[in-house]
Amino acid sequence: MLIAADKFKGSLTAVQVAERVTAGLLRVAPHVRVEALPVADGGDGTVDAAVAAGFERREVRVTGPLGTGTTAAYALRGDTAVVEMAEASGLQLLPEGEFAPLTATTYGSGELLRAALDAGARTLVFGVGGSATTDGGAGMLAALGARFLDADGAPVAPGGGPLSTLATADLSGIDPRFAEVDLVLASDVDNPLTGPKGAPAVYGPQKGATPDDVAALDAALAHFARVLEKSAGSRAAECAQAPGAGAAGGIGYGALVGLGARFRPGIEVMLDVLGFAPALERASLVITGEGSLDEQTLHGKAPAGVAAAARAGGKEVVAVCGRLALAPEALGRAGIRRAYALTDVEPDVSRCIANAGPLLEQVAERIATDFLI
C-alpha cells in the first residue's frame with residue numbers, strides 16, 4: 001500500500017494527510033504494510049515533500065516579497081537541491097489581507113537559489129507556484145547578478161509594475177555557475193508570460209490585482225520581454241511564449257531566459273526526485289489525493305500525475321479529497337478507480353476543513369474495508 005497524496009490546502013500538509021490515512025487504514029487492517037511518500041507538484045509544500053523523502057532541510061535568511069527579511073528553506077540530498085520559490089516569495093509570507101501585486105519581488109528566490117549552489121547543488125529542482133509576485137523573475141535575476149536600469153541609469157524599483165520604466169537590461173553578470181548546473185523548472189502550469197492566458201490575467205487577481213493592475217502588469221511584462229530581446233536576442237521572445245513562462249507571476253520566464261532552465265511538469269519531476277518508481281513496485285494499491293479533486297486536477301496536478309504513473313506501472317489507484325467535483329467517468333479517464341471525499345462523511349464544508357484529520361481517518365477506514373478486507 002502506497003500513500004502518495006498532496007496537501008489538503010488550508011487544513012493538512014501532505015505529510016499529515018499520509019499520517020491520517022495510515023492511521024485509518026491500520027485501524028481496520030493492522031497487518032497491512034503501508035508506505036508513505038508525500039508528494040507535491042512544484043508549488044508550496046514541495047520542500048516538505050522532499051524532506052519527508054529523506055532530503056536534508058536547510059534554512060537561510062532571504063528577502064521576502066515585500067522587501068523585508070524572512071527565513072526560507074530548501075532541501076538538499078547529495079548534489080541535488082529542491083528549491084521552492086514560495087518559501088521566499090510566496091503569498092503565505094504576506095500579512096493577512098495584504099497584497100502587493102505591483103511591487104512584490106522575487107529577489108529572495110534568487111537568494112535561495114544561490115544558497116543551494118553555495119551548498120554544492122549541481123541539479124536544482126526549482127518548484128514554482130503559490131507566489132505573491134508578478135515581476136517576471138526580474139527580482140530573482142537581480143539577486144543573481146543581472147542589472148535592470150531605467151532611462152536615468154538607476155536600478156528599476158522592485159516588482160512587476162516598475163518594469164514599465166525599464167530601459168536597459170544586462171544579464172552578463174548572472175552567476176556563471178548556472179551555465180554548469182541542471183536547473184529544472186518544475187511547475188503545474190504551462191501558461192505563457194503575457195496575454196489572455198498569461199501570468200497577470202490568469203493569476204494576478206489571486207494576488208490582489210485589480211483589472212487596472214492586471215493591464216498594467218501585462219504591459220510591463222511585455223515591455224520587459226522586449227527589452228530583454230536587446231540583450232538576450234530572439235530567445236527572449238521565444239521564452240515568453242514557452243510553456244511555464246507564466247508560472248508564479250512570470251518567474252518561469254526569468255528562469256528560462258536568464259538561467260537556462262528547462263521546463264518539466266512539476267509532478268513528473270517530483271516523482272522522479274522522491275523515488276516514486278521503486279515505491280510503486282512495492283505497492284499493491286496506491287492512494288493519492290488533494291484538497292479538491294476538480295477540473296484543475298486533470299491538468300498537471302499531483303493526483304493526476306501519480307495516477308498516470310501508477311497506471312503505467314499496472315497498479316490500481318484510489319483518491320482521497322476534501323471535495324469531489326469530478327464525475328466517475330473523468331476519474332476513470334485519469335486512472336483513478338474511485339474517490340473518497342470528506343464531504344461524503346461531513347457535508348458541511350467548514351466542519352470538513354476544521355476536522356479534516358479525523359474525517360480523513362474515517363475515509364481511510366472505508367478504503368481499507370473496500371479494498372483490504
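In this predicted model, the buried residues of helix α16 pack against a set of helices and strands that comprises α1 (14-28), β11, β12, β13 (338-341), α14 and α15. Helix α16 itself covers residues 356-371, and its 16 residues reach 22 Å from the first C-alpha to the last, which is close to the 22 Å expected at 1.5 Å a residue. The residues of α16 that are buried are Ala 356, Gly 357, Leu 359, Leu 360, Glu 361, Val 363, Ala 364, Ile 367 and Ala 368.

Several of the elements that pack against α16, among them β11, β12, α14 and α15, also contribute to the lining of the largest pocket. This pocket has a volume of about 1200 Å³ and is lined by 48 residues, of which Lys 9, Asp 41, Asp 188, Gln 296 and Lys 301 lie nearest its centre. Two or more lining residues come from each of α9, β10 (262-265), β11 (285-293), β12 (316-324), α14 (342-345) and α15 (349-354). When the lining of the largest pocket is divided by class, 15 residues are nonpolar, 19 are polar and 14 are charged.

With ring centres required to lie within 6.5 Å, the count comes to two aromatic pairs. In one of them, the rings of Phe 148 and Phe 224 lie 5.6 Å apart, centre to centre, with 70° between their planes, and the pair is edge-to-face. Because Phe 148 belongs to strand β7 (residues 147-150) and Phe 224 to helix α7 (residues 211-232), this pair ties together parts of the chain that are 76 residues apart in sequence. Phe 148 is buried, with a relative accessible area of 8%, and Phe 224 is likewise buried, with a value of 0%.

The ring of Phe 224 also pairs with that of Tyr 253; since the centres are 5.9 Å apart and the planes stand at 75°, this pair is edge-to-face. Taken together, Phe 148, Phe 224 and Tyr 253 form one aromatic cluster.

Note on methods: Residues are numbered from 1 along each chain as its sequence is written. This is a predicted model: local features need pLDDT of at least 70, side-chain atom pairs count only at pLDDT 80 or more; totals for chains, interfaces and linings use all residues. Side-chain values use heavy atoms; hydrogens and water are left out. Rings of Phe, Tyr and Trp (its six-membered ring) pair if their centres lie within 6.5 Å; planes under 30 degrees apart count as stacked, over 60 as edge-to-face and the rest as tilted. Helices (H or I, at least four residues) and strands (E, at least two) are DSSP runs, numbered from the N terminus. Buried means under 20% relative accessible area, exposed over 50%, partly exposed in between (1.4 Å probe, protein chains only). On a 1 Å grid over the protein atoms alone, a cavity is a set of points where a 1.4 Å probe fits but cannot get out, and a pocket is an open set with protein on both sides within 12 Å along at least five of seven lines; lining residues have an atom within 4 Å of a point. Grid points are joined across faces, edges and corners, and a volume is the space filled by probe spheres set on the points. Ala, Val, Leu, Ile, Met, Phe, Trp, Tyr, Cys and Pro count as nonpolar, Asp, Glu, Lys and Arg as charged, and the others, Gly among them, as polar. The expected span of a helix is 1.5 Å times one less than its number of residues. Contact means heavy atoms within 4.5 Å.
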